[in-house]
Amino acid sequence: MDSLLFLCHRIPYPPNKGDKIRSYHFLQFLAKHYRIYLGTFIDDPADEQYRDKVREYCADLCAISISPRWRKLYSLRGMLTGEPLGLPYYRRPQLSRWVQQTLRIAKPQRALVFSSTMAQFLPPQEALRTVVDFVDVDSEKWRAYAALKRWPISLVYRREAARLLHYEKQVAASVAASVFVSAPEAQLFNSLLDAPLRSVSHVDNGVDHAYFCADSTLNNPYAPDVPVMVFTGAMDYWANIDAVSWFANEVFPSVRARNSTAEFWIVGSRPTVQVRRLGEQSGIRVTSAVPDIRPYLQHARVVVAPLRIARGIQNKVLEGMAMSKWIVGTTAAFEGIALKDCAELRVADDAASFARACLETLVPNSPAADVCRAYVVGAHDWQKNLQNLHALLEG
C-alpha cells in the first residue's frame, strides 16, 4: 500500500461541522487505499479526546494543539509580511519539521492538502503528486464579508480577499490538481484566474443518506403539534450568526403575526452571546451542541437556510433534503444543488418572500419531499464522489 501525506487545517473528527464532515470522509475513504501520514491542528480542547480515534486511520499522526485567540494575534504578522493572515495563523515550526521528516523517511509519492493555507508546509517536490482541496473560494468569502462589515474591519477583509486570491492562484499553478466542493465553485475560481487551468475540478460533497433518512421513531424534541422552523449549524461561525440574526429580526416577526404558534429553533454548537440573546424573543429557542441532529430535522415542519453569505454547498441543506424535509433558503444557500424546479425547495432572498414561503410550508401534513431525497442519494453519495478524488491522486 502506497503512502499519502495528508495535511488538514483542523482535525477531521468528529464530523459535526462543514469542513470536518468533508475531511473526515476523505480520511475514512483514503485510509482504505493508502498509508496515511496526517498532519493537522486541534483548535478546540473538546477535540483532544479524538486523537486516538483519528490515529486508527493513520500510519502516523501529528496533531498540534493551538489556541485560536493567540493564533489570531499571531496572524497579524501578515500585515507586516504582506501575506494573507491565514498563513501565519497556521504557521508552526513543529509541523514543518514533521513534514520534512515524513518526506525523508516515509517517502510518500502523493499528498492531499485540505485548505490552501496548509500548502505552505510542502516544499517544492516534482516527485510528490499533490492535490489541493480548496473546498471553497475562500477569497470570495472575505470579499463578501467586507461588503457587510463597517469600516475599518471592512478594509481588513478586502485586504484579506485580495492577498488570499493571489496566494490561491500561486498554489493552484504549482500543484497537479485543485478541487472544490462543487462545479459552480470550481468554475468561479477558474474565472478569477488570469488564464483558466484544466487542473481545476471538483469533488462533490456527500451525505450519509443511510443515517440521514426520515424516521418517525426518533424522539420529538419539540412540544406536540408545534409548527417548528429549524436552522442547524455551528453557531460561532459568522455567516451562520448573520443568517439567524437576519431571520429572527426581519423574517420571524412576520411569520408569528400570521401564525402565533410557530417557533424558530437554532440548533448548533457554541452559540455566541449574540445568538443566545435571540432566544429571549418570544417563539425562538436556542440550543447548544446536541448529540444527534436528526430528531430536530425529523420533527420540524421546515428547514430554513437564510444564508446571506455562503460558499460552495451547504451540508445543512443536503441533510435536510436527505430527510425529505421542505427547505426554504436563499439563492446562496442552494448554490451547488443541481436539482431544479423542485416544489419542496423554496428560494427567497428578501424578508417578505422568505416569510411567505415559510408560512406556506408550515401547514400540517405537507407531503414528504421524496424528490429531494432521491436527488441526494443519486448525486451526493460519498463513496461514488470520492472515486473522483482517488483518480486525481493516482493521476
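User: Which residues in helix 10 meet helix 14?

Analyst: This is a predicted model. From helix 10, the residues are Trp246, Phe247, Glu250, Val251, Ser254, Val255 and Arg258. They meet Ala351, Phe354, Ala355, Cys358 and Leu359 of helix 14. By class, the contact holds nine nonpolar, one polar and two charged residues.

User: What are the values for the axes of helix 10 and helix 14?

Analyst: The axes of helix 10 (residues 238-258) and helix 14 (residues 351-361) come within 9 Å. They cross at roughly 50 degrees.

User: Is the crossing of helix 10 and helix 14 left-handed or right-handed?

Analyst: The crossing is right-handed.

User: In what order do the six strands form the open sheet?

Analyst: The order is 10-9-8-11-12-13, with parallel pairing.

User: What makes strand 10 and strand 13 stand at the edges?

Analyst: Strand 10 (284-286) and strand 13 (345-347) each have a single partner strand, so one side of each lacks a neighbour in the sheet.

User: How do you know that strand 8 and strand 9 pair?

Analyst: Pairing needs at least two bridges. Strand 8 (residues 228-232) and strand 9 (residues 263-267) have five, in the parallel sense. Met229 stands opposite Phe264 in strand 9.

User: Which strands does helix 14 lie across?

Analyst: Helix 14 lies across strand 8, strand 11, strand 12 (326-329) and strand 13. Its angle to strand 12 is about 170 degrees.

Technical notes. Residues are numbered from 1 along each chain as its sequence is written. This is a predicted model: local features need pLDDT of at least 70, side-chain atom pairs count only at pLDDT 80 or more; totals for chains, interfaces and linings use all residues. Side-chain values use heavy atoms; hydrogens and water are left out. Axes are lines fitted to C-alpha atoms, for helices over the stretch in contact, and angles run from 0 to 180 degrees between N-to-C directions. Helices (H or I, at least four residues) and strands (E, at least two) are DSSP runs, numbered from the N terminus. A crossing is left-handed if the near helix is turned anticlockwise from the far one by less than a right angle, and right-handed if clockwise. Contact means heavy atoms within 4.5 Å. Ala, Val, Leu, Ile, Met, Phe, Trp, Tyr, Cys and Pro count as nonpolar, Asp, Glu, Lys and Arg as charged, and the others, Gly among them, as polar.
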